[in-house]
Amino acid sequence: MTIQRMDNVAIVVDDLDAAVAFFAELGMEVEGSAHIEGPWADRTVGLDGIRSEITMLRTPDGHGRLELTKYHAPALSGAGSENPPPNTLGLHRIMFAVDDIDDTVDRLRTHGAELLDEIAQYESTYRLCYLRGPAGIIVALAEQIG
């Protein structure tokens, strides 16, 4: 038996509106939003008293999906450092291919994004960078060149 597909990646954020604006600026399209609560949600996630909001976004090609989740209850649990470094155990980063990395970084900076270092070039094939977005999410960008 094999899986059918990877449906989405979910990221918990504290400011859902800011996270949605950030990923929309990147070019993702909002599919929809919903309030999630009730016994089925509690049993699925393994927490009691869940009250959350989710917004589902998709990449322009329709193949990738990102679920952003804001928990109202129970209280958020901190997993350590607010801005963990890229080598922290767990979800590492989410990467997007872009047409123009300079323009993308400039647009995301208006939403609070900060480069972890700089835009670098890998051989003569890619320009790459890591930046930190809302909720400390590390986003990698890659622009194919040459």
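1. Which helix does D42 lie in? D42 sits in helix α2, which covers residues 39–45. Helices here are DSSP runs of H or I with at least four residues, strands are runs of E with at least two, and both are numbered from the N terminus.

2. A word on what you're looking at. This is a predicted model, where local features need pLDDT of at least 70, side-chain atom pairs count only at pLDDT 80 or more, and totals for chains, interfaces and linings use all residues. Residues are numbered from 1 along each chain as its sequence is written, and side-chain values use heavy atoms, with hydrogens and water left out.

3. Now the overall layout. The chain has three helices and nine strands. Walk along from the N terminus and you pass them in the order β-α-β-α-β-β-β-α-β-β-β-β. Of the 146 residues in the chain, 33% count as buried. Buried means under 20% relative accessible area, exposed means over 50%, and partly exposed is in between (1.4 Å probe, protein chains only).

4. How much of the contact total comes from residues 24 or more positions apart? Such pairs account for 56% of the contacts in the chain with a separation of 6 or more. A contact here means heavy atoms within 4.5 Å.

5. D42 is buried yet has no salt bridge. The nearest side chain of opposite charge belongs to R43, 7.3 Å away. For charges, Lys and Arg count as positive and Asp and Glu as negative, while His and the chain ends are not counted. A salt bridge needs a side-chain nitrogen of Lys or Arg within 4 Å of a carboxyl oxygen of Asp or Glu. Leaving out residues up to four places away in sequence, D42 touches L47, D48, G49 and I50.

6. On to the pairs that do form. Side chains of opposite charge can pair when their charged atoms come close. The structure holds eleven salt bridges. One of them joins R65 and D7, with the closest N and O atoms 3.0 Å apart. R65 lies in strand β4 (residues 65–73) and D7 in the segment before β1 (9–12), so this pair ties together parts that are 58 residues apart in sequence. R65 is partly exposed at 26% relative accessible area, and D7 is partly exposed too, at 32%. Both R65 and D7 belong to a network of salt bridges that also links R5, E29, E31 and R58.

7. Have a look at E25 and R107 next. They form a salt bridge whose closest N and O atoms are 2.9 Å apart. E25 is in helix α1 (residues 16–26) and R107 in helix α3, so the pair ties together parts that are 82 residues apart in sequence. E25 counts as partly exposed at 26% relative accessibility, and R107 counts as partly exposed at 26%.

8. How many residues apart are R109 and D106 in helix α3? They are three residues apart, about one turn of the helix. Their side chains meet in a salt bridge at 3.9 Å, N to O. R109 is partly exposed at 44%, and D106 is partly exposed at 46%.

9. Is T69 buried or exposed? T69 counts as buried because its relative accessibility is 5%. T69 is found in strand β4. Its contacts, not counting residues up to four places away in sequence, are I11, V12, V13, L16, S52, E53 and I54.

10. At 56% relative accessibility, E114 counts as exposed. E114 touches L131 and R132, again not counting residues up to four places away in sequence.

11. Of its 14 lining residues, L26, P60, A97, V98 and D99 are the closest to its centre. Strand β5 (94–97) and helix α3 (101–109) each supply at least two lining residues, and α3 gives the largest share, three residues.

Terms used
On a 1 Å grid over the protein atoms alone, a cavity is a set of points where a 1.4 Å probe fits but cannot get out, and a pocket is an open set with protein on both sides within 12 Å along at least five of seven lines; lining residues have an atom within 4 Å of a point.
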